[in-house]
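Open your viewer and get ready to click along.

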Amino acid sequence: LAAAGVLCAEPGGGGWEPAAALMRRRCLRSSDVGVCPLCRKVVEYGVCCAACGGWFHATESCCGEALADAFLRSGREAWCCLNCAPRNEPPPAAAAASEKTPAPAALTADLASWRHAFRLLADACGGCGRQIQLARRHVRCAQCDLAFHASEECTGLSAAKVEGACSDASWRCPTCLLHETGCTVPGGVIDEDVAKGKETRPIPIINEVDEEPLDVHLPGRSAITEFEYLPQVAWRHKRAIEQRARVPLADWGGRCIAHEACSWLPATDASRGRPVRREEEKSGGPAYNNERFLLYARDCIFECNSTSGCDESCFNRVVGRGISLPLQVFKTVGRGWGVRSRNPIRAGTFVCEYTGVMLRDEDAEAAGLEVDDSYLFNLDGEEKGQVAKRRKTSHEGPSGVDARTQDNPELCVDASRTGSVARFVNHCCDPNLFVQSVFVEYSRHVHRIALFAARDILAYEELTYDYGYVVGSVQDKTLACLCGAANCRGTLV
């Protein structure tokens, strides 16, 4: 940010003159002169009106639109408060906004933080907030001009990287790097797009923690470089394809179901493949609002498809449209890879879909996936679309086929080597996402496994959902939970 157009009282009584470079501490100690006319509190650091001589706190509540005008003037001319501004002219900030010339970089959405501006003007450290002593070693961002003490605590960098930053005139602070690249360290983007162009937006892989390469193999898991991205579920196994041929399609006969998306249940044998209308009238209605936000969590919902009479602009086409958020796969501390978004997410927003290869349950067991079924997701369309991560109750008892018939669903999604960004989403006992079953192409058995925002989510906050494991469900096996939530159960199974 440029220096603000502020005025300082000179001890010699030479009147009010524009500040040369930075905002100064109020020189006069008189309570009559140093009290803010708006909040009636003493001003330690602030801006001074050239017309009335009043001191104002450098905040929006005290200066209003005139505070932005102080930054626009950048010390080149006198500044006036809103009370002293000429009545026949619009407020300075409003006049500047009316012009077609672009605003300076200091007023962009990413940098217009008054706390950031105050630290710049007071030459305070961007890390600890204390005054920067020019005689001491410090680093300064080449983009936003914010200074930091040359220490690991203030910069968040290692000692070796701090030394490099001191001698690098082009060094940028983590905040500027985050705004520009989505990563807080140089070289942290190790893959530009894990989806390889299969999604509407690239999904980069970020590692800000260590130097672990992408091709590292973890016990029982494949490397990310061997991972095949699938935006939708793939049918590749012969027995699964045969099962798919028997699954009825959702045919709406050219009718848009946007206002009755929650009025249906999965098809049954008696309905001959057609969705069954709910008996409760209050349970029906639309699933999304006009902005495509989910209204309520449901047991299952139906979306419009190719047999509907509407086009892609219909608000009942959400999961079928794919990912629209700027997601990132990033390295966490001690919990492997995770997922986050560069933008804030509103509650009810569709985030991503859990995809992989569709398998019959006995095929998954025959392939040895029962040894590590961390990436298997059950589908149970007969039970109103309920889904859950798969955990077998015990290795004892009936054979695999009999166990499937008695306990396990018939179909499951395997994302161990193929899948979408959802397979990197970690578990949390206090999650910010939840799983919603969404029927799009089919009316029974096969539905989309969609993840929606359970609450408003901050930018760069890790996205998590509850895997739904039952503690003690696996005999002679425990899996510690590392989510760190206040209500953490301690174990997953």
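Select Asp 191 and Lys 196: their side chains make a polar contact at 3.3 Å. A polar contact here is a pair of N or O atoms within 3.5 Å; within protein, one must be able to donate a hydrogen and the other to accept it, and residues adjacent in sequence count only if both atoms are side-chain atoms. This is a predicted model, in which local features need pLDDT of at least 70 and side-chain atom pairs count only at pLDDT 80 or more, while totals for chains, interfaces and linings use all residues. Residues are numbered from 1 along each chain as its sequence is written, and side-chain values use heavy atoms, leaving out hydrogens and water.

The backbone nitrogen of Asp 193 lies 3.0 Å from a polar atom of the Asp 191 side chain.

Is Asp 191 buried or exposed? Asp 191 is buried, with a relative accessible area of 17% (buried means under 20%, exposed over 50%, partly exposed in between, with a 1.4 Å probe and protein chains only).

Next, colour strand S7, where Asp 191 sits. Strands are DSSP runs of E, at least two residues long, numbered from the N terminus. S7 belongs to an open sheet of 6 strands, in the order S7-S8-S13-S14-S24-S21, with mixed pairing. S7 (189-191) and S21 (426-427) stand at the edges with a single partner strand each, so one side of each has no neighbour in the sheet.

Now select S14 (residues 337-341) and S24 (residues 462-465), which run antiparallel and are joined by 2 bridges. Arg 340 has Glu 462 in S24 as its bridge partner. Two strands pair if DSSP finds at least two bridges between them.

Finally, zoom out: of the chain's 493 residues, 47% count as buried.

Note on methods. Helices (H or I, at least four residues) and strands (E, at least two) are DSSP runs, numbered from the N terminus.
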